[in-house]
Amino acid sequence: MALTKNQNVLNWVDEVVALTKPDQVVWIDGSEEQLKALRDQALASGEMTALNEEKLPGCLLHRTAVNDVARVEHRTFICSQDEKDAGPTNNWWDPKEAYTKLGEMFDGVMKGRTMYVIPYSMGPIGSVMSKVGVEVTDSIYVVLNMDIMTRMGKAALDHLGPDSNDFVRGLHSKADIDEEKRYICHFPEDNTIWSINSGYGGNVLLGKKCFALRIASYQGKNEGWMAEHMLILGVENPQGDVRYIAAAFPSACGKTNLAMLIPPEVYAKQGYKVWTVGDDIAWLRKGEDGRLWAINPENGFFGVAPGTNEKSNPNALASTRKGTIFTNVVHNLDDNTVWWEGLDKNPPQNALNWKGEKWDSSTGEKGAHPNSRFTAPAVNCPCISSEFNNPKGVPISAIVFGGRRAKTAPLVYQSRDWQHGVFVGSIMASETTAAATGAVGVVRRDPMAMLPFCGYHMGDYFKHWLEMGEKLGDKAPKIFNVNWFRTDDEGHFIWPGFGDNMRVLMWILDRCAGKADAVETPIGYEPKAEDINIEGLDLTIDTVRDLLNVDKSLWKEEAKGIHEFYGKFGDRLPNELQDELAALEKNLD
Ligand code: GTP
Ligand code: SPV
Ligand code: MN
């Protein structure tokens, strides 16, 4: 039975029912009773496997098709009326053509299947910063994941109200999981997403990257706010004051890890604490007090499993110990639990790999897919912020950009001002990871970690950033860049990373509070090496100096790459950024 009298929602659901022709339609109300029935159905069909009830209560295991394990950027489209509005960094498809072509594929695709209608809120119910979506899908896996990742069910429709038309329409079908016919299409001007032939996270949990970044970034530009690929964390000092940082790193570059970090002993003993508000997406808006405020629109974590362990990220691991869905990890058949590379040094002997095949770890073949994931409820996280559900969000003191760079980028530097900070974000580059299909480890430009997620012209996006800075004036957060991934000549990471990244955050917060010094370099302000606290680390101040070194010849090469990249944007590149590039080149001479 329909859960709403909102005629805009009802009409749209009627339309997609007429198109896809499901055998039946089930409205997801979010009740435990309904969810239990769906879990049971998924267990009976083999779509999911129930895990050890004592060790992992309420946890489920799922395997996607082997051809369907990551986002597919080459099959992701921005379907704006005007090709120019998608910009040079997106794949564009004429909306009329896309609707027609995909319409043929969706025609009758749910015959013999059940359609689930999922109303959900991105952001706390009742917040002025939250927005509603409705996803229609033929996948129970999607329903169960959306339950963890969003505020799902009737409350979302109540939040929308009886008349509003301001909701994002998401249509998804697994169809035949045919990778040749896989399309993730966004129609920003219609608040619409159509996704077909995939069952993998970022392609099908339409509230996440598709809505909360691609559609929302477009909405934010029009409505004067920002949707960003950022974690949000709070650092509490011994006096109990909390300062918030938002940080944008590309996929699989450390957001979940930083968001949940455990302070090293040197800070823990003084009473410092770190609280997680979000690990992947931030919606940011100027608040009544003139500062920039952020909410995390999500309600759970869709985190990278490999590398997560008791030492690297105990909070993430703890988050996955109940009510979690594991995707494409190793199934330990001895005790019906899960395993992945980097969990511990004891791969299970009697186990199935991510493909469901008998797995022998001694062959050296990986058991879990490098992009295997956990979907864990945020409430499970031991360090979840008390402000997690605060409809006002949290005020942001610092914005941090960062990527995976073996050489060029130093451990940390600060921009001279907001405009220079936008430049710093725009020139981000990072080595590609397994989160998207394609080559891994190739350096590419990834401005603000939004290359795959900006729903409109990236030149206009830079302009929007500059405008936000003007709006915020002297209350704007300070902007920084970090790199945890510098390597030595043998390719080993030099900086210990993980919890020790707090040492860098402390310099950042001290700078925001006007408490720390800096030295000027050609690329921006850097800490004095002695201002990075290395107490308790097996690392010398000379190594910190190396980590902070700005190699002018590498940066001159970098500037060439930036020129080339900027060239793509033509006259939609803001002049301010050209000026910043010219200033960088001058500083390097
Ligand atoms: P998405 O969910 O794809 O957006 O990824 P993410 O940015 O949240 O990345 P995540 O925190 O899951 O980390 C991805 C990988 O980077 C994992 O294998 C981590 O072990 C590794 N990693 C995270 N932080 C650090 C760090 O400080 N140093 C090093 N060397 N590796 C790190
Ligand atoms: C990412 O790839 O940045 C993720 C996972 O956070 S996905 O939901 O697949 O986009
Ligand atoms: Mn992400």
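I count a residue as buried when its relative accessible area is under 20%. I am working on a predicted model.

**Entry: His420**

I looked up His420 with that cut-off in hand. Its relative accessibility is 3%, so His420 counts as buried. I placed His420 in helix α12, which spans residues 418–426. A polar atom of the His420 side chain lies 2.8 Å from the backbone nitrogen of Arg416.

**Entry: whole chain**

I stepped back to the fold. I found 17 helices and 31 strands in the chain. The radius of gyration is 23 Å, close to the 25 Å that the globule rule gives for 589 residues, so the chain is as compact as a globular protein of that length. Along the principal axes, the C-alpha atoms fill a box of roughly 65 × 55 × 45 Å. I also noted burial: 60% of the 589 residues count as buried.

**Entry: manganese ion**

Which residues are the protein donors of the manganese ion (ligand 3)? I found Lys209 through NZ, His229 through NE2 and Asp280 through OD. These donors lie 2.1 to 2.5 Å from the ion. Their spacing in sequence reads K-x19-H-x50-D. Lys209 sits in helix α8 (residues 207–223), while His229 sits in the loop between β12 (226–228) and β13 (230–236), so this pair ties together parts that are 20 residues apart in sequence.

I then checked the geometry. The ion has six donor atoms, with angles of 65 to 171° among them. I logged the site as irregular.

Are Lys209 and His229 buried or exposed? Lys209 has 6% relative accessibility, so I count Lys209 as buried. His229 is buried too, with a relative accessible area of 0%.

**Entry: ligand 2**

I listed the surroundings of ligand 2. They are Arg71, Tyr200, Gly202, Lys208, Lys209, His229, Ser251, Asp280, Phe302, Arg373, Ala435 and Phe453.

For Ser251, a side-chain N or O atom is 2.5 Å from an oxygen atom of ligand 2. For Tyr200, the corresponding distance to a ligand oxygen is 2.7 Å. For Asp280, it is 3.4 Å. How much of the accessible area of ligand 2 does the protein cover? On its own, ligand 2 has 280 Å² of accessible area, and the protein covers 98% of that.

Key: Residues numbered from 1 in each chain as written. Chains lettered and ligands numbered in written order. Predicted model: local features only at pLDDT ≥ 70, side-chain atom pairs only at ≥ 80, totals over all residues. Heavy atoms only, no water. Donors = N, O, S within 2.8 Å, 3.2 Å for Na, K, Ca; no water. Tetrahedral: all angles 85-135°; square planar, octahedral: opposite > 155°, others 65-115°. Helix = DSSP H or I, 4+ residues; strand = E, 2+ residues; numbered from the N terminus. Buried < 20%, exposed > 50% of the residue type's maximum accessible area, 1.4 Å probe, protein only. Near = heavy atom within 4 Å. Polar contact = N/O pair within 3.5 Å; in protein donor to acceptor, adjacent residues only side chain to side chain. Areas by Shrake-Rupley, 256 points an atom, 1.4 Å probe, with all protein chains shown as cover. Rg over C-alpha atoms; globule rule 2.2 N^0.38 Å.
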